[in-house]
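Q: How should I read helix packing in a model like this one? Please take me through it step by step.

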Amino acid sequence: MSVLIALALGVVIGALLGVLGGGGSILAVPALVYGLGLGIEQAIPMSLIVIAVAAAVGALPKVRAGRVQWRLAGIVAAAGIPATLIGSAIGEHLPQPVLMIGFAVLMVVAGARMLADSASTGTACTVGDSGINWRRCASLSIPVGFLVGLLTGLFGVGGGFVIIPALVLLLGVQMPIAIGTSLLIIVANSAAGVLSHLDGADIDWSITGAFVATAIGASLIAGHYGTRMNTARLTRWFAVLVFAVATYVLLDTIVIR
């Protein structure tokens with residue numbers, strides 16, 4: 001029964017990732033905790049495995065299309081990987097209610113980010129014929145990478161809702177390149193998070209495999225047909241869903257318990 005639930009949840013998360021291009025992974029941990037009754041210490045590494053594989057699959061066409069800034073991805077990931085390990089170590093010493101409350105707050109921030117207008121770009125980095133101003137770019141990208149890595153280690157999220165706005169608004173990276181670069185950063189941070197949890201984690205590989213398989217399949221299908229949908233409207237509704245799940249997590253953690 002748990003595998004069937006994991007299959008269904010994978011379809012939902014994968015479809016959201018395919019249509020919206022990111023953000024759906026913010027629901028992976030709540031889906032595992034409330035949908036399958038797992039503890040958050042078990043849900044986080046399983047979520048990171050799903051995110052790492054899904055991001056890797058999503059990154060392949062971006063790499064082939066040349067929509068990736070490898071050096072920028074390397075700088076952000078280099079700052080993010082040790083931060084992921086730090087976040088994982090901190091999370092191991094925090095009780096589940098504290099992590100769930102923190103995760104709910106993170107979901108509220110993610111939902112607000114989805115509703116914000118991100119059409120404009122910053123000027124710290126320039127992507128194009130003139131290349132990137134690495135002196136200015138590195139000083140901003142390192143703290144961004146550290147923050148994303150810390151969130152990945154603590155809560156088992158990919159951090160795309162932070163990485164993409166940071167690349168576009170703070171660093172001035174063009175959106176198509178920001179998406180591809182973000183996916184590579186997510187793969188690196190998530191893989192580091194998985195490795196940091198392997199020693200003490202009780203991972204149910206059958207559930208994880210089912211989740212991964214259907215998430216990838218649904219993501220590819222939804223990504224193919226998602227171009228016909230009103231993405232802006234779907235993003236708004238998804239943000240509302242994120243707010244609703246965050247509210248439930250807070251009520252369940254603070255009031256019900």
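A: Start with handedness. A crossing is left-handed if the near helix is turned anticlockwise from the far one by less than a right angle, and right-handed if clockwise. Keep in mind that this is a predicted model. Here the crossing of helix 3 and helix 8 is left-handed.

Q: What two quantities describe a pair of packed helices?

A: The angle between their axes and the distance between the axes. For helix 3 and helix 8, the axes cross at roughly 150° and come within 8 Å. Angles over 145 degrees count as roughly antiparallel. Helix 3 and helix 8 are therefore roughly antiparallel to each other.

Q: Which residues of helix 3 and helix 8 meet?

A: Look for spacing along each helix. An α-helix has 3.6 residues a turn, so residues three or four places apart point the same way. On the helix 3 side, the contact includes Ile44, Leu48, Ala52, Ala55 and Ala59. On the helix 8 side, it includes Leu183, Val187, Ser190 and Val194. By class, this contact between helix 3 and helix 8 has 17 nonpolar, five polar and one charged residues.

Q: How do helix 7 and helix 8 pack, by angle and axis distance?

A: Helix 7 covers residues 160-170, and helix 8 covers residues 175-197. Their axes are 9 Å apart, at an angle of about 140°. Helix 7 contributes Gly160, Ile163, Ile164, Leu167 and Val168 to the contact. Helix 8 contributes residues including Met175, Ile179, Ser182 and Ile186. The classes are nine nonpolar, three polar and no charged residues.

Q: Which residues touch the most other members of the largest nonpolar core?

A: To read a core, ask who touches whom. This core has 69 residues, and Ile26, Leu27, Met107 and Phe155 touch the most other members. Its largest share, ten residues, comes from helix 3, residues 40-64.

Q: What is Leu27 in contact with, beyond its neighbours within four places in sequence?

A: Leu27 contacts Ile13, Leu16, Met107, Phe238, Leu241, Val242 and Val245.

Q: Is helix 2 mostly covered or mostly exposed?

A: Count the buried residues, meaning those under 20% relative accessible area. Helix 2, residues 28-35, is mostly covered, with six of its eight residues buried. They are Ala28, Val29, Pro30, Ala31, Leu32 and Val33.

Notes
Residues numbered from 1 in each chain as written. Predicted model: local features only at pLDDT ≥ 70, side-chain atom pairs only at ≥ 80, totals over all residues. Heavy atoms only, no water. Axes fitted to C-alpha atoms, helices over the stretch in contact; angles between N-to-C directions. Helix = DSSP H or I, 4+ residues; strand = E, 2+ residues; numbered from the N terminus. Contact = heavy atoms within 4.5 Å. Nonpolar A, V, L, I, M, F, W, Y, C, P; charged D, E, K, R; others polar. Core = buried A, V, L, I, M, F, W, Y, C linked by side-chain atoms within 4.5 Å. Buried < 20%, exposed > 50% of the residue type's maximum accessible area, 1.4 Å probe, protein only. Parallel < 35°, antiparallel > 145°, perpendicular 65-115°, else oblique.
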